[in-house]
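Here are my notes on this entry. Please read them with the structure open.

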Amino acid sequence: MEGGCAVAEFLDSFDVERDALLASLDQVEDVWSRFQERRALEMDGTAETDSLIAGEFSLVRRDLESTEFTVGIFGLIKRGKSTLLNGLIGREVSSMHVTPETAVPVYVSYGDDPEAAVHFADGTQKHVAVEDVHAYTSQKTNPMNHLGVTFVEQQVPVGFLRNGTRLIDTPGLDDAEADEVYTQRTLQELDIVDAGVVLFLSPPTVGATELGFLEDIVARDLRKTFLVCNMYPQHFHDRETREQVLEYVGMRIVEASQRVGRSGEVRIYPVCALEAWEARKNDDIDQWKRSGADRLLRDLENYLSKHAGQDVLDDAAERIAHIAELARAEVQVRQQLLEDPEKLFHFRQQLDRNILDLERRFEAAVSMALTEVAPLRMRIRSLVLQPFTRAKQDLNKLETLEEIEQFSSRFRRQLEVGGELASRQFADGFGQIVGGLQRQLQERFQAVMTDLAPNLPNIRLSPNALLVTPDQLQQLHAAKRRSEQASKTSAVVGGLSGGGLTVLATGTMTLLGPLGLLGGALVGWKMSNLVAGHRSLEQARDAIAIRLDEIAATMLQDVDRQVEQAVETVRSSVERRRRAFAGDLYQQFEVVQAISERPEALEVQRRDAARFVDAFEDCAREARAALSGPLAAVG
Ligand SMILES: Nc1nc2c(ncn2[C@@H]2O[C@H](COP(=O)(O)OP(=O)(O)OP(=O)(O)O)[C@@H](O)[C@H]2O)c(=O)[nH]1
Ligand SMILES: [Mg+2]
């Protein structure tokens, strides 16, 4: 049933806006390629330079086309998370049961045909039939996750997921198998998802665990948190009882937020997840509305399109306008030269000087920025080492081989989680360093352009333009895949892709790879072999202590290697950008020189340049105007 059809309204408007932006991107690209064709004709056989503008086209297109909004569903065990997810989707994508059920995170996103893949801790994945997914996600068939699954991914043809919304069901936070580090890690996901749905149970008590959990939740971003009081029918349909329950729960939440010093509006949605699920099965729209899921879904959609979605659109519109302005500036350089070809010689000398200067300044900026990498590397190294220090202390307290075995599986998880935290901190830290570098380079770039043609309007490059070339896009994609895998692998619930993308979009292509995965896998097979091979407790302990050191050393080597790679990527991309920039300019000069040698062509070319300047100006205006359409009316 399309109980979600009313819901799709917001997404439609997002899609309309996105299509409008893609159309205006096409337009700029079209004008640009006509301009390039001209240039190619004039240049007669000169290899095309690697233009800043061409690189930007593919980046903006990618960011617009691959939008992803992640909504995580969180809560203590048996709060009806899976039932709510299934209700929202209208299919049984996650199994439900009265006893602890969800053993691993379940990701659901859009696909024309239903499809499922299971991802394992060793980095492998396996495609399975959608009907067989529960064999991996259920506590019954995969108790204590002995299959080593990190998450399960499903694609379903459900309309409202089509714009890239991804839902994540998570195991209960207080799952007996989970330890503190695991729970903290899940809670951190709340910082990364675009929106979080947090479930509480209605029968009117909020226990100490739930209250503690609540404080952790409300200490975070309240705006994107949708608190759901999942009600059993007896409360749900008796209006007075329902209000009392809501008031009670509401008061506990307000108190909790006061304790952690948070203020702001707290929204609580009374929902009956079971009823929502049944409404979907029975295709009963009235029941669906009564269940409260209707309102929750609408508000969620509304929130996503107004915040996460609007950010994506605004950013793209601005970047498209910038590309058009950059192109216009490039034609304007040519226009000015055509006006007075006598100046060409003078300009060229000036450029020679400026380029040399630029080269020196770029190099200085890069070296300065990269000195900040050393302290960051130290921080990451100590983060990676933390679990080892604790593990060595714990090891001495273990009394039996069984305990050692349990210890090894717990340690493995801690390592995965710790590794993932390290990756994320590295991405943040490195992103800041690169961001600072970009700002400096941009100023240099602008200074050269202004020196060269003082009458040009300010040229602003999007932050990507200086550091990323089209052939680096591949690296970028590889890094993104790695970072996604790293986050999904080790976390209870993934969703780094939202955060990962943001980091990458600022030009960082250097997230640490799956450290946690590496550590986890090392511990996994090395430790179990050790325990099996040693009959005495002492021997096993000693062997493990030695092995821990080995694993730590391997991980640190991996950190160093990856940090060096990151530094190298930045260095070489700055160098490439600088060369491309100079190449573009010199090419312009050559074109103009060729034209000015044929006076009869000069007039035609002047008119032509003026037309291109106008065309790019129109493009920039239209890109900005594309957003003042339907969505602005909604907001
Ligand atoms: N009566 C009633 N039962 C519900 C409601 N929501 C969920 N349930 C039932 O509660 C049980 C637990 O639901 P699940 O969806 O498996 O809960 P969960 O939070 O995913 O549980 P874990 O994954 O084990 O943490 C199931 O038997 C559901 O049918 C509700 O609103 N009313
Ligand atoms: Mg569940």
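1. Terms first. Helices (H or I, at least four residues) and strands (E, at least two) are DSSP runs, numbered from the N terminus. Glu-243 sits in helix 8, residues 239–259.

2. Ground rules. This is a predicted model, in which local features need pLDDT of at least 70, side-chain atom pairs count only at pLDDT 80 or more, and totals for chains, interfaces and linings use all residues. Residues are numbered from 1 along each chain as its sequence is written, chains are lettered from A and ligands numbered from 1 in the order in which they are written, and side-chain values use heavy atoms, with hydrogens and water left out.

3. Overall make-up. The protein chain has 21 helices and nine strands. Of its 635 residues, 55% count as buried. Buried means under 20% relative accessible area, exposed over 50%, and partly exposed in between (1.4 Å probe, protein chains only).

4. Contacts and surface. Contact means heavy atoms within 4.5 Å. Among contacts in the protein chain with a separation of 6 or more, 84% join residues 24 or more positions apart. The chain exposes about 27000 Å², and carbon and sulfur atoms supply 50% of that area. Accessible areas come from the Shrake-Rupley method with a 1.4 Å probe; for residues, only the protein chains shown count as cover.

5. Back to Glu-243. Is this residue buried or partly exposed? Glu-243 counts as partly exposed because its relative accessibility is 43%. Its C-alpha lies 9.4 Å from that of Pro-270, 27 residues away in sequence.

6. Helix 9, residues 273–282. Its buried residues include Ala-273, Trp-277 and Arg-280. Asp-283 follows helix 9 and has a positive phi, near 55°.

7. Glu-275 deserves a look. This residue belongs to helix 9. Glu-275 counts as buried because its relative accessible area is 10%. Which residues does Glu-275 contact, leaving aside neighbours within four places in sequence? They are Phe-236, His-237, Gln-287, Arg-290 and Ser-291. Gly-87 is 188 residues from Glu-275 in sequence, yet the two are 8.3 Å apart, C-alpha to C-alpha.

8. Thr-225 is found in strand 8, residues 225–230. With a relative accessible area of 4%, Thr-225 is buried. Not counting residues up to four places away in sequence, Thr-225 touches Gly-196, Val-198, Ile-217 and Arg-267.

9. Glu-403 lies in helix 14, residues 401–452. At 31% relative accessibility, Glu-403 counts as partly exposed.
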